[in-house]
Amino acid sequence: LNKPKTKINYWLVSLSVLLTLLAGLQTIYAKRTQIAAEYPQYKAYLVEACQALQCEIPLPKNLDLLTIDDSDMQEDDNHQNVIKFSSVLVNNARFAQAYPNIELTLTSTDDEPVLRRVVKPSEYLKTGTDINAGLGSREEMRIQLAINVKDLAVAGYRVQLVY
């Protein structure tokens, strides 16, 4: 019995290998932030590749791994119409993350919003803090804000982290 000879099309094999390689590179490009965070040993290679491609590797932004804890709101004894908000921002990740915005909603006695404000990291971080370094792995940061409520009747608040 003679088996028929299979003819290998080397162009087709080469094209398949090239397309697979390009798909892999595209995946690495799209997931570069996640790869750099979870596999820091490869970050130097990704940074070098991004310099050639004129891209950046931003810090991860995973809200599921950030918590806002121990929040409190009190009237300021020294200033009329000012409320002091304090809280602790916690990064539960094994890697540094970008600082989130804090969405603070002040509510009435009926739990209706009377004032909503998005506070950017540059507003709640202490002077001299390197925003680009992000919130370190397992790091906690105390946040204190003074909010002018004008003549609004504020009974409560809601706080949420957003990017």
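Me: How many salt bridges does a search of the whole structure find?

Reply: The search finds four salt bridges. The model is a predicted one, in which local features need pLDDT of at least 70 and side-chain atom pairs count only at pLDDT 80 or more, whereas totals for chains, interfaces and linings use all residues. Residues are numbered from 1 along each chain as its sequence is written, and side-chain values use heavy atoms, with hydrogens and water left out.

Me: Which residue forms a salt bridge with Arg-158?

Reply: The partner of Arg-158 is Asp-111, the closest N and O atoms being 3.2 Å apart. Arg-158 belongs to strand 6, while Asp-111 lies in the loop between strand 3 and strand 4 (113–119), 47 residues apart.

Me: Why is Arg-158 called partly exposed?

Reply: Buried means under 20% relative accessible area, exposed means over 50%, and partly exposed lies in between (1.4 Å probe, protein chains only). Arg-158 has 34% relative accessibility, and therefore counts as partly exposed. Asp-111, with 45%, is also partly exposed.

Me: Why is the pair of Phe-85 and Tyr-157 called edge-to-face?

Reply: Rings of Phe, Tyr and Trp (its six-membered ring) pair if their centres lie within 6.5 Å; planes under 30 degrees apart count as stacked, over 60 as edge-to-face and the rest as tilted. The centres of Phe-85 and Tyr-157 are 5.8 Å apart and their planes stand at 80°, so the pair is edge-to-face. Phe-85 is in strand 2 (residues 82–91) and Tyr-157 in strand 6 (residues 156–162), 72 residues apart. Phe-85 is buried, at 1% relative accessibility, whereas Tyr-157 is partly exposed at 27%.

Me: Why is the pair of Tyr-39 and Tyr-42 called tilted?

Reply: By this rule there are two aromatic pairs. The rings of Tyr-39 and Tyr-42 have their centres 6.5 Å apart and their planes at 55°, so this pair is tilted.

Me: How do you know that a disulfide joins Cys-50 to Cys-55?

Reply: A disulfide is a pair of cysteine sulfur atoms within 2.5 Å. The sulfur atoms of Cys-50 and Cys-55 are 2.1 Å apart, so the pair qualifies. The whole structure holds one disulfide.

Me: Why is the disulfide of Cys-50 and Cys-55 called left-handed?

Reply: The torsion about its S-S bond is about -90°, so the disulfide of Cys-50 and Cys-55 is left-handed. Both cysteines are buried.

Me: What makes a group of residues a nonpolar core, and how many residues has the largest one?

Reply: A nonpolar core is a set of buried Ala, Val, Leu, Ile, Met, Phe, Trp, Tyr and Cys residues joined through side-chain atoms within 4.5 Å. The largest has 19 residues, and those with the most contacts inside it include Leu-89 and Ile-147. Strand 5 gives the most to this core, with four residues. Another core, of five residues, lies apart from it, and Cys-50 and Cys-55 are among its members.

Notes
Helix = DSSP H or I, 4+ residues; strand = E, 2+ residues; numbered from the N terminus. Salt bridge = Lys/Arg side-chain N within 4 Å of Asp/Glu carboxyl O.
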